[in-house]
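Please open the model in a viewer and follow the stops below in order. Each stop gives a selection and then a description of what is found there.

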Amino acid sequence: MKNSSILKNIDLFLLDLDGTVYLGEKVFEGAREFIKLLNKNQKEFLFLTNNSSKSSEEYYSKLLNMGFEITKENVFTSGQAMGIYIKTIHKKEKPPRVYVVGTTSLKRELKSMGIVVVDSPNYNIDYLVIGFDTTLTYKKLLDACELIRRGVPFLATNPDLVCPLDGGRYIPDCGSICIMLENATKKKPVFVGKPSSIMVDIISNLKKVEKSRIAMIGDRLYTDMKMAKDSGMVAALVLSGETKMKDVEASTLKPDLIYGSIKDMYEELKLVFGG
């Protein structure tokens with residue numbers, strides 16, 4: 001089987017969260033078993049989320065409470081990727097100073113990585129960081145516009161337009177906030193999270209795994225699958241979230257593997273690993 005031969009060569013599995021392993025507080029059938037199977041066969045995996053409104057610690061606690069057998073090292077967020085990226089590009093001796101349009105959790109994540117977070121634009125600021133901000137205010141938008149006008153580097157955690165909720169509902173995500181700022185300032189941000197190659201390079205270096213031996217499992221064509229295809233990873237789409245088969249048929253971007261849900265992929269992976 002073509003799928004089996006592809007999956008046999010994977011050393012690192014990246015799993016999106018919302019729409020892939022759970023939706024809201026509902027864990028999709030087969031998701032816990034999928035992780036147990038990876039652990040049993042000593043395969044590395046990361047829960048990889050673009051949602052920067054919560055810290056990696058909060059995601060870790062949530063996944064533990066949902067019954068997933070994981071460690072803190074199995075969770076990686078766009079907030080963490082942002083912190084690593086900033087420290088990589090920052091050339092000054094003093095720690096980087098950032099203004100964050102984001103939640104307290106994102107600020108805490110960045111602070112834990114040795115980054116100085118300031119709450120006023122009236123400082124010498126090295127970087128402007130936009131995240132999925134569920135505490136967004138007009139004052140933050142005004143501050144962001146002023147910093148962009150001054151030429152402060154404009155960084156963003158992720159380009160997702162919406163964050164899915166239960167019952168088919170959704171709320172504006174980081175990408176929608178950035179579109180508003182782009183329209184106001186005529187400046188585009190550097191996105192660090194999916195589908196950016198920045199995220200892939202960070203993970204590949206962190207885990208010391210070649211990109212061709214990494215599989216990205218997710219429910220979105222324009223983030224999860226685009227990142228995988230652009231970076232030479234295996235693109236495994238699940239149809240349990242945002243993307244439906246009609247979207248795949250209409251898109252020029254074609255995943256390597258398509259499953260109805262994580263449970264379907266789990267059933268196939270069981271055969272690959274021999275039960």
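## The whole chain

Of the 275 residues of the protein chain, 56% count as buried, where buried means under 20% relative accessible area and exposed over 50%, with partly exposed in between (1.4 Å probe, protein chains only). This is a predicted model, in which local features need pLDDT of at least 70 and side-chain atom pairs count only at pLDDT 80 or more, while totals for chains, interfaces and linings use all residues. Residues are numbered from 1 along each chain as its sequence is written, and side-chain values use heavy atoms, with hydrogens and water left out.

Display the chain as a cartoon: its secondary structure comes to eleven helices and 15 strands. Helices (H or I, at least four residues) and strands (E, at least two) are DSSP runs, numbered from the N terminus.

## The open sheet

Select the five strands that form an open sheet in the order β7-β6-β8-β9-β12, with parallel pairing; two strands pair if DSSP finds at least two bridges between them. At the edges lie β7 (116-118) and β12 (190-191), each of which pairs on one side only. Within the sheet, β8 (residues 127-130) and β9 (residues 154-156) are joined in the parallel sense over three bridges.

## Helix α6

Next, select residues 138-149. This is helix α6, which packs on the sheet and touches β6 (97-101), β8 and β9. The direction of α6 makes about 140° with that of β6, both axes being lines fitted to C-alpha atoms (for helices over the stretch in contact), with angles from 0 to 180 degrees between N-to-C directions.

Which residues of α6 are buried? They are K140, L141, D143, A144, L147 and I148. Seen down the axis of α6, these buried residues fall within an arc of 160°, so they line one face of the helix; the arc is that of the directions from the helix axis to the C-beta atoms. They pack against β6, β8, β9 and α7 (174-185), a contact being heavy atoms within 4.5 Å. On the other side of α6, Y138 and R149 are exposed. After the helix comes G151, with a positive phi near 90°.

## The loop at G131

Finally, centre the view on G131, in the loop between β8 and α6. Its relative accessibility is 0%, so G131 counts as buried. Leaving aside residues up to four places away in sequence, G131 touches S52, V101, L106, T157, C174 and I177.
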